[in-house]
Amino acid sequence: MTEALYHTDAYLKEFDAVVTAIDGNKVALDRTAFYPGGGGQPHDVGTLAANGETWNVVKVSKQGADVWHELDREAPSVGTQVHGAIDWDRRYKLMRTHTAMHILCGVIFRDYGASVTGGNMEPLKGRMDFEFETMRQEFVKQIEEKINVEVTQARPTSVKILPRAEAFQIPDLIRTKINLLPAGITEIRTIEIVGLDLQADGGTHVANTSEVGRIRVVDYKSKGKINKRIEVALD
Ligand SMILES: [Zn+2]
């Protein structure tokens, strides 16, 4: 089982760990700061180093309770002490982008009552789909202004890990379809943009909305009568 250091400290850039299993070029570690991907946020990349050698981590994925790190060549053996470093420049851009997406869905729900149905992001770019029948092109400027107000308000974010039963009592979480989480999950991680948005989420976020910087709404598409897609970009 891999301890998910990224769940409690999104700003951790380097860490020490031990190889617990190998599978070809892949290693599982006892702890990691590498985000394995999920919730629309791509996995991290970076390096592992041991005994004067450095490997590139090209892919990261979660399988059961283990986080697997795919390396650019033959993996170090089980029991090796490694030093991991994530590509922080890329990860920090993803953290800013992920928080921007939550600002967007928080504002759209608060001001238009529309729920998010999906989303995806890459560094400094993201898209979200909403059940938003009344969305019109004229709203784009309005939405852009409203989300940037939340950036300048410098709202703190807060991460909590709650027992499932407790999380199911929170109305904001129920509306974001928490009930779709598999029954086997006993703890729910939540991310709150204080005063704006609360969601069950495994991703990594900035500590304050001021870190996101200016958000631009770069595209809006109608994906049918009800479903609308909004795309944003950061500077
Ligand atoms: Zn999220």
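Analyst: Two rings of Phe, Tyr or Trp, the last taken by its six-membered ring, count as a pair if their centres lie within 6.5 Å; planes under 30 degrees apart make the pair stacked, planes over 60 degrees apart make it edge-to-face, and the rest are tilted. With that in hand, and bearing in mind that this is a predicted model, a search of the whole structure turns up 7 aromatic pairs. One of them is formed by Tyr 6 and Tyr 35, an edge-to-face pair with 5.5 Å from centre to centre and 85° between the planes. Because Tyr 6 belongs to helix H1 (residues 5–8) and Tyr 35 to the loop between strand E4 (31–32) and E5, this pair ties together parts that are 29 residues apart in sequence. Tyr 6 is buried, its relative accessible area being 2%, and Tyr 35, at 4% relative accessibility, counts as buried too.

A tilted arrangement is found for Tyr 112 and Phe 132, whose ring centres are 5.3 Å apart and whose planes meet at 45°. Here Tyr 112 lies in helix H2 and Phe 132 in the loop between strand E10 (125–131) and helix H3 (139–152), so the pair ties together parts that are 20 residues apart in sequence. Phe 132 is buried, with a relative accessibility of 1%. Ring pairs also link Tyr 11, Trp 88 and Tyr 92 into a cluster.

Tyr 112 leads on to the helix that holds it. The 25 residues of H2 should span 36 Å at 1.5 Å a residue, and its end C-alpha atoms, 35 Å apart, agree with this. At the start of H2, a side-chain oxygen of Asp 87 comes within 3.4 Å of the backbone nitrogen of Asp 89, while after H2 comes Gly 113, which has a positive phi near 70°.

His 102 counts as buried at 3% relative accessibility, and Asp 201 is buried with a relative accessible area of 10%.

E5 is joined to strand E6 (residues 53–63), running antiparallel, by 5 bridges, with Ala 50 opposite Glu 53 in E6. In the hairpin of E5 and E6, which has 2 residues between the strands, Asn 51 takes a positive phi near 50°. E5 also pairs with strand E8 (residues 81–86) in the antiparallel sense over 4 bridges, and there Leu 48 has Gly 84 in E8 as its bridge partner.

In a regular strand the side chains alternate between the two faces of the sheet.

Conventions: Residues are numbered from 1 along each chain as its sequence is written. This is a predicted model: local features need pLDDT of at least 70, side-chain atom pairs count only at pLDDT 80 or more; totals for chains, interfaces and linings use all residues. Side-chain values use heavy atoms; hydrogens and water are left out. Buried means under 20% relative accessible area, exposed over 50%, partly exposed in between (1.4 Å probe, protein chains only). Two strands pair if DSSP finds at least two bridges between them. The expected span of a helix is 1.5 Å times one less than its number of residues. A polar contact is a pair of N or O atoms within 3.5 Å; within protein, one must be able to donate a hydrogen and the other to accept it, and residues adjacent in sequence count only if both atoms are side-chain atoms.
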